[in-house]
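Please look at the whole picture before turning to the details.

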Number of protein chains: 2
Amino acid sequence: MATRVPQERRRRRPTRSGVLLSEDLIVETALRLIGEHGPEALSVRRLGTALGCDPTALYRYFHGTDDLVLAIADRIIGDAMEGFVPGDDWVASLREMALRVRAGYVAHPRAAAMAAHRVTRRKSEIRAVETGIGLLLSAGFEPASAARLYLAFIDTVLSHAAADAAFQALPRQQREADHRAWRDVYQDLDPVAYPALTAVRPELPGMADSSFEEAVDLLLEALAARAPAARGCGRSRPGARR
Amino acid sequence: MATRVPQERRRRRPTRSGVLLSEDLIVETALRLIGEHGPEALSVRRLGTALGCDPTALYRYFHGTDDLVLAIADRIIGDAMEGFVPGDDWVASLREMALRVRAGYVAHPRAAAMAAHRVTRRKSEIRAVETGIGLLLSAGFEPASAARLYLAFIDTVLSHAAADAAFQALPRQQREADHRAWRDVYQDLDPVAYPALTAVRPELPGMADSSFEEAVDLLLEALAARAPAARGCGRSRPGARR
DNA sequence: CGCCTTACGTCAACAGGGTTGACCCAATGC
DNA sequence: GCATTGGGTCAACCCTGTTGACGTAAGGCG
């Protein structure tokens, strides 16, 4: 099979059910499908029926599942960052970027779980990188530091977001089991063998919650502390948790 | 099918090829299989043939794929943390924990990619949590802070490790394409539309590398800065990158 | 020592997945 | 209006996890 996907103009023909396929329509349908019928709903075959076309028609638009996934990922990034304009405060701006990306991923857990660690090399991703590195440059970092630190920042954001998304993407049963684990298993431990866990026992149920914001805040504190145009050292926590 | 998995003693019978199955043997074989034949090699059926038994025999030992995955994950944690003893320097100790966990995950990419975000609720995981929280308590944090910050720390470590593992787990073709993206796509951008990216252009090929250590160092800096028994504010970078 | 129970290895089958090559119609360029 | 060929369709292949039924041999017990 020649999986040649010309992205020039195309010579589209209405599908059996009358729909005109397009890259955008496919990606949108994929996201809708995931949103409506849960994380497991994304498969070439189901996507085909949802679009009212033969599943294999998709191979005319994407080289394969992977290609489709990258397109979906870039769409999520684009939607999440839509309307975002970086403000004067670079720390606050990075923080908002982080929250937006995470929200976008959690809204599409299954897709995010597949795509979060990839390089989409598409429009929206490139724009986001441009914005982020721009913010660090505006903070006074050298180009080399800016690139390196942006990578550390965005990787943390993306991987945390992916973790949250992966958790959302679990079948309800497993999700609840993981959640209960902190209440159940970790509650009945031998105090002698596990003194630290015993000391923090009341806090353990909270371990099931996401640590996303705390992690981002810690990271931004460290960045602010390292910034040439420093924002001070001790007290620059950009936001309180909970 | 009654997926009842008694973990008491069992009444084992040699398999058709003469092997005596056991939970440990299955987990070890799974890890070996992944290590030898690549990330795609882990499937119930292949695991069955590797063990010299019918694939469905595994269901006598694990409730399903998920259960098996959790067992594998805990084994990885256990192997990675084997022989680790926390030292006097809590920052250095946390740093070593991070590096060990990451090394363990990257060594078993496919398994890690499936399991990194789960709560195994098994022996090795519990021991690791005990150690980590103990370190933060020893640093002088209140129990509530210790639990919360440990969560932020370990989630960052785990999700970064998972990201690295997920990348390793990609088919070679996709892995190389993602890697090349930073050299190719991101090199030929319009300087007017993308000033920041143009400013850091020489640094972009490095974006393909892992930012794990940088992120961990940033996080540990922030933790050290927040610690009651402070290690000082500005200059506590626990390790230099590269 | 030998029976009975039942754990557990095996087998066949099902539903779903991605991907392919062949087929052929109709939209487009000339 | 004709030739070209993009692209929608169909059938088929091989993979996956999971199940219920089946029977054999291991272990407890008399």
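## The fold of one chain

Read along its sequence, chain A follows the pattern α-α-α-α-α-α-α-α-α-α, and its secondary structure accordingly comes to 10 helices and zero strands. This is a predicted model, and the C-alpha atoms of chain A in it fill a box of roughly 65 × 50 × 30 Å, taken along the principal axes.

## How the two copies are related

Two copies of a chain are related by a rotation about an axis and a shift along it. Here, chain A can be laid on chain B by a turn of 180 degrees and a shift of 0.0 Å along the axis, with an RMSD of 0.1 Å. That is the relation of a two-fold axis.

The contact itself takes 63 residues from chain A and 63 residues from chain B. Because 100% of the interface residues of chain A are also interface residues in chain B, the copies meet through the same surface.

## What the interface is made of

Between them, chain A and chain B bury about 5600 Å², and 67% of this area lies on carbon and sulfur atoms. On the side of chain A, the residues that lose the most area to chain B are Glu130(A), Leu218(A) and Arg226(A), which together account for 11% of what that side buries.

The count of residue pairs in polar contact between chain A and chain B is 19, with both residues at pLDDT 80 or more. The helices of chain A that each supply at least two residues of the side touching chain B are α6 (123-138), α7 (143-169), α8 (172-183), α9 (195-199) and α10 (212-226). The largest share of that side, 15 residues, comes from α7(A). Sorted by class, the side of chain A that touches chain B has 36 nonpolar, nine polar and 18 charged residues.

## Salt bridges

Over all chains, the count comes to 32 salt bridges, and 10 salt bridges are found across the interface of chain A and chain B. In one salt bridge, the side chains of Asp178(B) and Arg118(A) meet at 2.7 Å, N to O. Asp178(B) lies in helix α8 (residues 172-183) of chain B, while Arg118(A) lies in the loop between α5 (109-115) and α6 of chain A, so the pair joins two chains.

## Aromatic pairs

A pair of aromatic rings is described by the distance of the centres and the angle of the planes. The structure holds two aromatic pairs over all chains, including the edge-to-face pair of Trp90(A) and Phe141(A), with 6.1 Å centre to centre and 90 degrees between the planes. This pair links distant parts of the chain, 51 residues apart, as Trp90(A) sits in helix α4 (residues 90-107) of chain A and Phe141(A) in the loop between α6 and α7 of chain A.

Definitions and conventions
Residues numbered from 1 in each chain as written. Chains lettered and ligands numbered in written order. Predicted model: local features only at pLDDT ≥ 70, side-chain atom pairs only at ≥ 80, totals over all residues. Heavy atoms only, no water. Contact = heavy atoms within 4.5 Å. Buried area = accessible area lost by both parts, 1.4 Å probe. Salt bridge = Lys/Arg side-chain N within 4 Å of Asp/Glu carboxyl O. Polar contact = N/O pair within 3.5 Å; in protein donor to acceptor, adjacent residues only side chain to side chain. Helix = DSSP H or I, 4+ residues; strand = E, 2+ residues; numbered from the N terminus. Nonpolar A, V, L, I, M, F, W, Y, C, P; charged D, E, K, R; others polar. Least-squares fit on C-alpha atoms with pLDDT ≥ 70 in both. Phe/Tyr/Trp six-rings, centres within 6.5 Å; stacked < 30°, edge-to-face > 60°.
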